[in-house]
Amino acid sequence: MGHAAGVRRQACLHLGRRRRRRVAVTHRADLLPARLLRRTRGAQPPRRPPPRRRRPRPRLAGLRLVTLLFACQRAGLTAVPVIPPDPARFGPAHEHLLRAVSQTKPAAAVADAVYIDAVTKTAGSVVAGEEGESGRLAAMLSSLRWLAVDELEREPRGGGGGPGASSPAAKAYVGCGPDDVYLIQYTSGATGVPKPVMVTAGSAAHNVRAARKAYDLCPGSVVVSWLPQYHDCGLMFLLLTVVSGATCVLAAPGAFVRRPRLWLELVAEFRATCTPAFARDGLRVASISPSYGLAENCTFVSTAWRATCSDDDLPSYKKLLPSARLSSMGSNVSAEIEIAVVDEETGEPVEDGVEGEIWVSSPSNASGYLGHPSASHEAFCARVPGRAGACFVRTGDRGVVKQGRGPERYLYVVGRSADVITVLDDGGRRLRRVHAHYVETAAFGGAPPGRLRGGCVAAFTAPTSTPRSLTSQTDVAVIVVVELQKGSGGGDGDHRELCDRMKAAVWREEGVMVGLVVLVDGGVVPKTTSGKLRRGAARQMLLAGKLRAIFEARYDDGGDAVAGVREEGREEMAGKSVDGWLVAGEGGETDMATAFGSASRRLRLQSFL
């Protein structure tokens with residue numbers, strides 16, 4: 001089976017607030033499969049007269065991607081949606097493109113003609129034989145077979161000359177079966193390197209049907225989305241629209257980032273009944289459908305929402321809303337999706353109220369990671385001891401099941417195994433797990449309003465060269481990296497007071513002693529394309545000296561004494577500096593066995609690429 005890598009530009013379906021365009025996606029998807037087969041097999045496009053000069057039009061990237069996905073499925077090709085890197089300069093998005101091309105070995109890359117021209121010029125500008133990532137990337141981009149989607153759409157029905165133009169394979173295609181991989185969907189990379197998940201047509205169809213039923217979507221529904229379609233959630237909203245026959249209003253992600261109010265304007269104008277939201281502030285509880293999902297289960301797993309929800313219907317646990325409703329007798333969300341919370345060491349289900357790893361068994365389960373059978377077996381073939389039947393996917397997420405006000409039980413997703421912070425209580429005699437987001441919330445709340453950027457506080461642990469105190473005898477420090485709001489103040493005394501307040505707030509609310517607070521400019525804390533914190537990447541940047549710090553405050557473990565401060569161009573440290581105090585494990589990785597507990601197996605999966 002061939003592979004087609006989809007590289008695209010961001011655009012919008014509804015241009016502005018009044019200009020609207022509707023395109024027959026099904027009609028286009030009927031025309032493209034044969035054209036894709038011909039072109040991926042080496043056929044040249046038919047010769048056409050030079051086009052007249054026309055006024056450039058914005059591209060409907062969302063619809064084009066959906067059309068290409070359906071066309072690839074019908075042609076028996078595998079699609080790989082990839083975030084479009086900036087063609088003018090190399091950056092992190094290019095690293096992901098290089099990874100995707102190396103792993104999937106695509107037969108072709110599809111993009112707009114303008115984008116292809118820009119990428120080709122950038123690759124050609126790199127000095128021939130240049131070493132490093134830039135040289136490798138330029139060579140890879142130059143070697144790809146690029147297909148302009150503009151030409152595919154303009155190509156006449158009869159095709160053109162060239163090899164394979166009249167072959168039976170180009171004229172007759174049977175599509176893909178339920179067990180055929182039609183999509184390579186990358187994980188977000190929040191806790192490690194993004195992994196290529198193989199999604200079959202059957203699992204995707206089941207997942208979309210389950211999500212449509214859970215959200216009660218119908219032909220009268222209106223979906224508003226600003227998510228990019230190379231993101232699994234953005235793609236899911238488009239597929240949900242197709243399956244339910246609903247109306248979908250798309251906004252360019254860039255337009256939303258520049259003016260977030262656009263989202264609310266579209267919701268109001270088009271009377272949306274469903275829209276993605278990643279915060280609950282200002283929203284009625286009855287309007288929120290807290291949900292859970294992951295790429296290894298296509299996208300959707302569960303939601304706690306019901307059409308009959310009221311403002312006081314959903315309970316909470318440790319400031320979290322539930323992500324699933326479970327039956328009173330077992331852990332079945334529905335007849336086809338099963339959620340279990342287990343002890344990650346033994347695989348045995350834990351009692352309600354006990355935290356454990358979340359496992360999911362469903363026809364929506366993906367087939368595994370492309371090119372890594374051993375890692376696939378470990379993540380996708382988990383079994384509950386003493387039980388026959390289907391396998392479970394190990395999510396790497398931690399959850400707890402709590403009884404509601406009635407007979408229903410609720411699942412709360414409390415964090416990631418890889419982001420757990422382990423602290424020692426009772427003079428070092430007892431281990432206690434604290435999830436990083438609680439430390440981050442406490443630190444953010446301890447700062448004066450307007451000083452920090454919301455969602456840009458990362459907490460993690462790192463090993464130190466000396467024990468933190470005589471009582472704990474541990475050489476692991478809790479570190480908080482914080483982004484400052486632009487123009488929010490500064491100066492040595494001001495920064496030190498800010499660090500002191502955050503440290504005190506974390507101790508007061510979570511009982512966690514912070515060893516180092518690092519203040520950085522906006523945009524420094526690494527995130528995924530969907531905005532998730534990459535705490536592990538922040539740790540690696542700090543240990544490698546690549547985190548551009550404005551101010552650092554290091555604390556002794558025994559109290560509020562500041563062991564040292566460091567500001568740009570000046571350092572005052574008692575004993576070792578921060579660079580000498582933090583150490584890296586073998587290969588530059590931190591030794592996080594105590595912090596991650598039994599998640600070492602998950603760490604191997606995260607580092608296999």
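This tour walks through a predicted model, stop by stop.

**Stop 1: confidence**

Colour the chain by pLDDT. The mean for the protein chain is 77. A share of 71% of its residues reach 70 or more. Now select residues 468–473. Here pLDDT stays under 50, and the model has 15 contacts beyond four places in sequence for this stretch. Next, select residues 586–609. pLDDT stays under 50 there as well, with 57 contacts beyond four places in sequence in the model.

**Stop 2: the largest nonpolar core**

Select Leu36, Val110, Tyr182, Leu183, Val199, Leu240 and Leu266. In the largest nonpolar core, which has 60 residues, these touch the most other members.

Centre on Leu183. What does Leu183 touch, not counting residues up to four places away in sequence? The list is Leu69, Thr78, Ala79, Pro81, Val197, Met198, Val199 and Leu235.

Then move to Ala436, Val439, Val482 and Val506. They are among the members of a second, separate core of 27 residues.

**Stop 3: a five-stranded sheet**

Switch to cartoon view. Follow the strands in the order β13-β18-β17-β15-β14. The sheet is open, and its pairing is antiparallel. Which strands stand at the edges? They are β13 (324–326) and β14 (338–342). Each has a single partner strand, so one side of each lacks a neighbour in the sheet. From one strand to the next, the twist averages 45°.

Zoom in on β15 (residues 356–361) and β17 (residues 393–403). This pair is antiparallel and runs over four bridges. Pick Gly356 and look across: Gly399 in β17 stands opposite.

**Stop 4: two loop residues**

Select Ser221. It is found in the loop between α8 (201–214) and β9 (222–225). Is Ser221 buried or exposed? Its relative accessibility is 5%, under the 20% limit, so Ser221 counts as buried. Show its contacts, leaving aside neighbours within four places in sequence. They are Asp216, Ala246, Thr247 and Thr273.

Finish at Leu283. This residue is in the loop between α11 (261–269) and β11 (291–293). Leu283 has 38% relative accessibility, so it counts as partly exposed. Not counting residues up to four places away in sequence, Leu283 touches Ala277 and Ile288.

Notes
Residues numbered from 1 in each chain as written. Predicted model: local features only at pLDDT ≥ 70, side-chain atom pairs only at ≥ 80, totals over all residues. Heavy atoms only, no water. Core = buried A, V, L, I, M, F, W, Y, C linked by side-chain atoms within 4.5 Å. Buried < 20%, exposed > 50% of the residue type's maximum accessible area, 1.4 Å probe, protein only. Contact = heavy atoms within 4.5 Å. Pairing = 2+ DSSP bridges. Axes fitted to C-alpha atoms, helices over the stretch in contact; angles between N-to-C directions. pLDDT = per-residue confidence, 0-100.
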